[in-house]
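User: Could you walk me through this one? I'd like to go over a few residues and then the fold around them.

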Amino acid sequence: MSIQEKVQIVKDFFAAMGGDKQGLLALAAEDIEWIIPGEDWPLAGTHRGHAGLADLLQKASETMETSFMERREFVAQGDRVLVVGFARGRIKATNRTWEDHWVFAITVRNGKVTNIREYVDTQALARASEMDASGLA
């Protein structure tokens with residue numbers, strides 16, 4: 001599989017995250033692992049398999065709203081595709097906004113996404129998720 005084909009799989013994966021669950025699962029290996037570093041916000045952790053992927057995306061849609069996402073650059077070598085981007089949105093529970101410059105390191109093997117490691121501004125996301133002492137944002 002060529003580098004260009006791997007980049008296209010990653011682009012298709014991102015496109016499917018917009019609501020094409022079947023397309024997304026078709027592009028993900030059954031044992032996919034998605035790692036989001038950080039603490040103090042609901043999406044942090046290691047999510048495994050199709051069930052973990054579905055749970056992560058459900059939790060993301062329940063907790064946050066992304067108003068803008070731009071994938072600015074794709075850098076590929078071997079089985080790895082790095083996606084450099086920027087996103088903006090809000091945490092639904094607090095109504096606080098966030099901005100995040102990010103990099104996703106994505107492994108593609110045998111035509112499937114097998115591993116995703118996010119490098120995101122976890123502090124900005126955790127800060128936007130914090131409730132004050134009264135329980136209000």
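Predicted model: local features only at pLDDT ≥ 70, side-chain atom pairs only at ≥ 80, totals over all residues.

User: Which strand is Leu82 in?

Analyst: Leu82 belongs to strand E4, which covers residues 80-91.

User: And what is Leu82 in contact with, leaving aside its neighbours within four places in sequence?

Analyst: With those neighbours left out, Leu82 is in contact with Glu73, Phe74 and Val75, and also with Val103, Phe104 and Ala105. Ile106 is 24 residues away from Leu82 in sequence, yet the C-alpha atoms of the two are 6.1 Å apart in space.

User: How do E4 and E5 run, parallel or antiparallel?

Analyst: E4 and E5 run antiparallel and are joined by 12 bridges; within E5, the residue that stands opposite Val81 is Ile106.

User: OK, zooming out, what is the strand order in the sheet?

Analyst: The sheet is open and has six strands in the order E2-E1-E6-E5-E4-E3, with mixed pairing. E2 and E3 are its edge strands, each pairing on one side only, and the twist from one strand to the next averages 15°.

User: Which strands does H3 lie across?

Analyst: H3 lies across E1, E2, E3 and E4, and runs at about 45° to E1. Helix H4, made of residues 122-129, lies across E3, E4 and E5, and its angle to E5 is about 135°.

User: Switching to pockets, how much space lies in the largest one?

Analyst: The largest pocket holds about 790 Å³ of space. It is lined by 32 residues, of which Met17, Leu57, Ala60, Thr66 and Met69 are the closest to its centre.

User: What is the lining like by class, and where does the largest share of it come from?

Analyst: By class, the lining of the largest pocket has 22 nonpolar residues, together with five polar and five charged ones. H3 gives the largest share, with seven residues, and the elements that each supply at least two residues include helix H1 (3-16) and strand E5 (96-109).

User: Last one: where is Pro37, and why does it count as partly exposed?

Analyst: Pro37 sits in the loop between E1 and strand E2 (45-48), and it counts as partly exposed because its relative accessibility is 23%. Apart from neighbours within four places in sequence, Pro37 is in contact with Ala44, Arg117, Glu118 and Thr122, while Asp121, 84 residues from Pro37 along the chain, has its C-alpha atom 9.3 Å from that of Pro37.

Technical notes
Residues numbered from 1 in each chain as written. Heavy atoms only, no water. 1 Å grid on protein atoms, 1.4 Å probe; cavity = no way out; pocket = protein on both sides within 12 Å on 5 of 7 lines; lining within 4 Å. Points joined across faces, edges and corners; volume = space filled by probe spheres on them. Helix = DSSP H or I, 4+ residues; strand = E, 2+ residues; numbered from the N terminus. Nonpolar A, V, L, I, M, F, W, Y, C, P; charged D, E, K, R; others polar. Contact = heavy atoms within 4.5 Å. Buried < 20%, exposed > 50% of the residue type's maximum accessible area, 1.4 Å probe, protein only. Pairing = 2+ DSSP bridges. Axes fitted to C-alpha atoms, helices over the stretch in contact; angles between N-to-C directions.
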